[in-house]
Amino acid sequence: LWIAWSAAGLGLCCPAMGQQAVKAAAEPQAQGDQKQAKPSEFLRLVKAKDGSPGAMETSIVRYVPINCGQTGPTVDLVAAVHIGEKSYYRKLNKEFKNYDVVLYELVAPEGTRIPKGGARQSSHPISALQKGMTQLLDLAYQLNEVNYQAKNFVHADMSPGELSKAMASRGESLWTMMLRSMGYAMAKQHKPGAASDADILMALFNKNRALAMKRVMADQFQDMEGMTRAMAGPDGSALIADRNRAALKVLKKQIAEGKGKVAIFYGAGHMSDMERRLRDDFALTPINTRWLVAWDLKAPKKPAEKDADAPKPE
């Protein structure tokens, strides 16, 4: 599950919400240590009306300047999961058309763009795992579905060489981070409600295996913040902190060039650290959150239920 989880992480200062809303959002930071601003939520599970799992959703959180005398920029953190429903990526592609610039993550040489329809198949084990996960969960892969050829898309990440150097300087490797995460996952298994090996086996042999596995994995995703902290260790990590720092250097450049409405499109596991940096380094505060369904967890309707929903002749 750890490996699957890893493969699967302009307007004015006072827009329609008005000056009072921005003032209220900024107030906790103005009070300093007396009242810490509540962190935003970037991924959640929602239940259907009958209490069964309904969906796993990711958020789009909007940030504006704390100083209402300042016009722009507007920055949206668009949290992502790297495998999801095709409808999820279609909605994201529509959303991205509304921005001056979309800063996207991809550990690749500067300026890299993914060809339309996705990159060519790679023999790398992680690539093979991601492909396998999309088939197992009956989902789509982000790099195949998002239109990275859009004119407003700008690469905002580290190159492989830069990431390797950053990890080496921190004494990190993929193995050390994996071991941290495995230790965290093992400790969590003993907590009530945590998914067990039996749950995974039952899901694998379920008649609707894709849905059952999605439900088990979505439950693990709920604790993304805890898993990210475990991977990073006490001093942050190259995979999260250093890559976020690289993304925000590009943000600063885009703002200096006059881009007023910006999206940062990164994995949900990056966003808590990203939010802290927007507050501290850019004096931005969140004002609203919207949600998109990334995984549909509802059981398919039975024939009788479908008939009941059909319009009846008058």
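**Exercise 1. A charge over a ring**

Task: Determine which residue lies over the face of Y99, and at what distance from the ring centre.

Solution. K261 lies over the face of Y99, at 5.7 Å from the ring centre. The criterion is that NZ of Lys or CZ of Arg is within 6 Å of the ring centre and within 35 degrees of the ring normal.

Two notes apply throughout. The model is predicted, so local features need pLDDT of at least 70 and side-chain atom pairs count only at pLDDT 80 or more, while totals for chains, interfaces and linings use all residues. Residues are numbered from 1 along each chain as its sequence is written, and side-chain values use heavy atoms, with hydrogens and water left out.

**Exercise 2. An aromatic pair**

Task: Classify the pair formed by the rings of Y104 and F153, and locate both residues in the chain.

Solution. 
- Step 1. A pair of aromatic rings is described by the distance of the centres and the angle of the planes. Rings of Phe, Tyr and Trp (its six-membered ring) pair if their centres lie within 6.5 Å; planes under 30 degrees apart count as stacked, over 60 as edge-to-face and the rest as tilted.
- Step 2. The structure holds six aromatic pairs. In the pair of Y104 and F153 the centres are 5.7 Å apart and the planes stand at 35°, so the pair is tilted.
- Step 3. Y104 belongs to strand β5 (residues 101–104) and F153 to strand β7 (residues 153–155), so that the pair links parts of the chain 49 residues apart. Helices (H or I, at least four residues) and strands (E, at least two) are DSSP runs, numbered from the N terminus.
- Step 4. Both Y104 and F153 are buried. Buried means under 20% relative accessible area, exposed over 50%, and partly exposed in between (1.4 Å probe, protein chains only).
- Step 5. Ring pairs also join F96, Y104, Y148, F153 and F265 into a cluster.

**Exercise 3. Positive phi angles**

Task: For D138 and A283, decide whether each residue is buried, partly exposed or exposed.

Solution. 
- Step 1. D138 is found in the loop between α4 (125–137) and β6 (140–141), and its phi is near 55°, a positive value in a residue other than glycine. Its relative accessible area is 58%, so D138 is exposed.
- Step 2. A283 is found in the loop between α12 (271–282) and β9 (284–296), and phi of A283 is also near 55°. A283 has 36% relative accessibility and therefore counts as partly exposed.

**Exercise 4. Salt bridges**

Task: Describe the salt bridge of R243 and E105 and that of E145 and K86.

Solution. 
- Step 1. A salt bridge is a side-chain nitrogen of Lys or Arg within 4 Å of a carboxyl oxygen of Asp or Glu. The structure holds 13 of them.
- Step 2. In the bridge of R243 and E105, the closest N and O atoms are 2.8 Å apart. R243 lies in helix α11 (residues 238–256) and E105 in the loop between β5 and α4, so the bridge ties together parts 138 residues apart in sequence.
- Step 3. R243 is buried at 9% relative accessibility, and E105 is buried at 10%.
- Step 4. E145 and K86 meet at 2.9 Å, N to O. The pair joins helix α5 (residues 142–145) to helix α3 (residues 86–96), 59 residues apart.
- Step 5. E145, at 23% relative accessibility, is partly exposed, and K86, at 47%, is partly exposed as well.
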